[in-house]
Amino acid sequence: MSRAKRTLLLLKTAMHFKGFVLGVAILLVFIGLSVYAAVTWPFEEAIRIWNNPAYWEDYPKFASPAWISLFTGRKEIEGSIILDSTMINPNKCDIYVNETHNIVNCGWLYKEVKIVQRAGRSLLTVNINFTLNYDYDVMPTAGDYRLIVNTKDRVFYYLSVVKPNGLELLIDKGQTITSFRGALIAPPEGISLAQRRYIELINATYGVQLDPAKIARIDPVILIFVDDDLLVKKYVETNGSVLEIRPLKGTYVFKFYRVETMDINATIDLKIVFYGTVYGVAGTDKQGRDLFMAIAWGTPIAIAFGLTASVVTSLLTMIIAAISAWYAGALDNFIQRVNEIFMIIPFLPTVIMIYLFYGLTLWTLLLVIIPLSVLGGGGLKSMRAMFFQIKEMGYIEAARAYGASNARIIFKYMVPRVIPVLIPSIVTAIPSFVFLEAALAILGIADPRLITWGKVLQEAYAAAALQGGYYHWILAPAVSLFLLSIAFASIGFTLDKIFNPRLREL
Amino acid sequence: MFSRYLAIRGISLAVALVVGMLIVVYIANLGGRVDEIVRNEIQFNINNLRQNRDYMMRLQASCEALCGGYNETCVKACIDKHFEDLQWQEIVNRGLDKPFEVRLFYYLRDALTLRLGVAMWLHSDAGSSQVWDIISERLPNTVILFTTTNLVIFFVELFLGLMLSRKYGTIYDKIVVSAAPLSSMPGWFYGLFLLIIFAFILRILPDGGMYTPNPEDYPALKALYEFNYSLGRVVDLLWHMILPMMSWLVAYIPIGVYYYRTFFLMFSTEEFVEYARARGVPPRIIERRYILRVTLPPIITSLVLTIISSWMGAIITERVFRWPGLGTVLAMAIERNDAPVIIGIIAIYAYLLVISVFVLDLIYGIVDPRVRVIGGERR
């Protein structure tokens, strides 16, 4: 029977085992994910993007995976709502330009730049209107606005929002000469302009005085989107003890107006970002980084690391055990003593010490863990016992009689006999090496140049993701680790049953 | 014959202990780089002293008295000599005057005689920097959690394995066989899932540590503490042990049960067992006399090794559950390059291991004549 045929037969047999089919299915998904990662973001680029906070600036922080809305039944905000006056697509906007006017109308964005004369001086004025249709069941998790100016003179500005119910809330006003970023969060102490204006607005519209101490704790981003009718109604009903926060659906207009500067060559733009509640397949972390990218890129690294470590360790163990059993005597004795020495040296502490000492990368780490696992592991002893049994068999005796070389007997006659035991154990051992990487990462020992599942786990743990309730941050790498090791373990166990029928009968 | 075998065994284990510890000492000292760190620290302390105005003024005064009045070159030389002496004295105190290759053997001698000495940076919660004190303070915490857990795991898997080997082919057997791959994941990893479920979503179990920091916040616990302080303490401790213990049970029992089931099954199909069965020996007796007795040596070995390996605690599990055991001390010592603490913990482990292996060899040699023949005759 040819080798290909035998492999096919083996696969056919294996397909009868549910565990094997499940394992292979999971593994295929992970391999697909690796290919997807490699195609989507070339390795160097992935590292650069991942470690560049600016790239993730506009992504929602701590966002859950998007599919959770299937369970909550609410319409969540996926990603961020970005209103940016520099994002003008000329094909979709009407543009009108003359000597003093520059008007762009894109529907959601209306931007008007004019040069006017006032008191004998030229003045640059800008008007920007963003129209936003808000039909989500949730509030944004945060928001900020950025003034992007390039000017030689002061810029005066007003920023307000007209809510669907017609109320106009002033968010900010002032003057600036540089670009800046204003956060729409409650100030640590005191009360912000928007909060003060909100109280005045409610007082003027409903004749209800809200408690400033309570409003001061609410982020302005909430005040922008809150349903005022409901809030006031509940507030009055409960004598001011409950502030009911529900989003008000409808069309919002953000007005950036009375923007003036003496510098007629100035460019003035506005970007407003409202951060969403969910993002992508796996959610985002503290910096807004897409966890799916880390999971995808962690996959080939985990598989490559686990596979290399497991295969090399097992093969070396087998070869050393075979040599030890075949030559016996002094060499065997020596190898046994070395095995005993390495059993005294504890594995994990030693690996950590060497890792810290040499500042290893993930791949040079292999040079440490492989010798330690080979020489200190229990596999050497059991393999050696197996080879001692094989050595006494008749066909080895026959080979010796016709004068086969030592190398021939070891590699052609003895080694093939243990392959059925070896292959399942190689597959089963892969997860333990993947988890070794994760364990080292949890202790803060990780290759700075790589994105690994263990590192995501460590970052989540260090940022107290558990305490903060950001379970998806822990679960994304943890579930990946879980699935990968279940896949390898199931495949390994099935192969063991097939190769070693004595176990199958039992 | 047997004594010769024992002597060979003893010598080879002793050699393993010495060489193994030599490697540990070398690595724990980062191949001599810890010396550099200590030298730099001494230099740093001396430079600090030079910046101290009070100290310098007193030194200047005594040097002037020595030189008989103010003489710039004499006073300057006197001050420099003072600091040089100070530095040298400190270097000698710490034994750094001899080269690392020599001191390596001093360290080895101290480790092998269990004179564990003084830690470089760490100290016990009570403030002692004696390595023995640091270890003995944390050892009970480790033993309470990990030795208990390991023993529970051991007996559960032995008992279930034996039971299942009787029930081969039943639905229970199939469940255990298909659950075995769950053990491809370590205990700390299950700890993460259990923490999320029980400590953070359901909020019915603590999220780490050994005792509740503020028992006053929990009325039931507070009442218990007031009723009887030690009882409250014990209940509080058990309360905190549930999650780490569960995570290890979930992680390690499936493969253990699977292993023992197969192990017992293999023995129960041996010829002498089949023969006994054919003779009509009752199954209970077969189990006890024909299977358990024969399989006892490897079972005892694994029990002893289980207890010993629990001694160092578990670095990652302790980190995940914030359990203040020896694993945490070891991790801290490694992070801060505190060689004496690392060497101390590993030296005790090595001794426990080597002595138990030797004692087990001795017992098996007495019980089982085959061991003696293989050990003594063939070589």
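**Notebook: the sheet of chain A**

I looked up V113(A) and found its bridge partner in strand 5 of chain A to be V126(A). Strands here are DSSP runs of E, at least two residues long, numbered from the N terminus.

I noted that this is a predicted model, in which local features need pLDDT of at least 70, side-chain atom pairs count only at pLDDT 80 or more, and totals for chains, interfaces and linings use all residues. Residues are numbered from 1 along each chain as its sequence is written, and chains are lettered from A and ligands numbered from 1 in the order in which they are written.

I then went to the pairing of strand 4 (residues 109–118) with strand 5 (residues 121–134) of chain A: 10 bridges join the antiparallel strands. Two strands count as paired if DSSP finds at least two bridges between them.

I traced the whole sheet next. The sheet is open, has seven strands in the order 2-3-4-5-10-7-8 (chain A), and pairs antiparallel. Its edges are strand 2 (94–97) and strand 8 (168–176) of chain A, each pairing on one side only.

I turned to strand 7 (residues 155–162) of chain A. Its covered face holds V155(A), Y157(A), L159(A) and V161(A), and its uncovered face F156(A), Y158(A), S160(A) and V162(A). Eight bridges link strand 7 to strand 8 of chain A, antiparallel, and V161(A) has L169(A) as its bridge partner in strand 8. In that hairpin, with five residues between the strands, G166(A) takes a positive phi near 90°.

Y257(A) in strand 10 stands opposite Y158(A).

Notes
Helix = DSSP H or I, 4+ residues; strand = E, 2+ residues; numbered from the N terminus. Buried ≥ 20, exposed ≤ 12 C-beta atoms within 10 Å, placed from the backbone.
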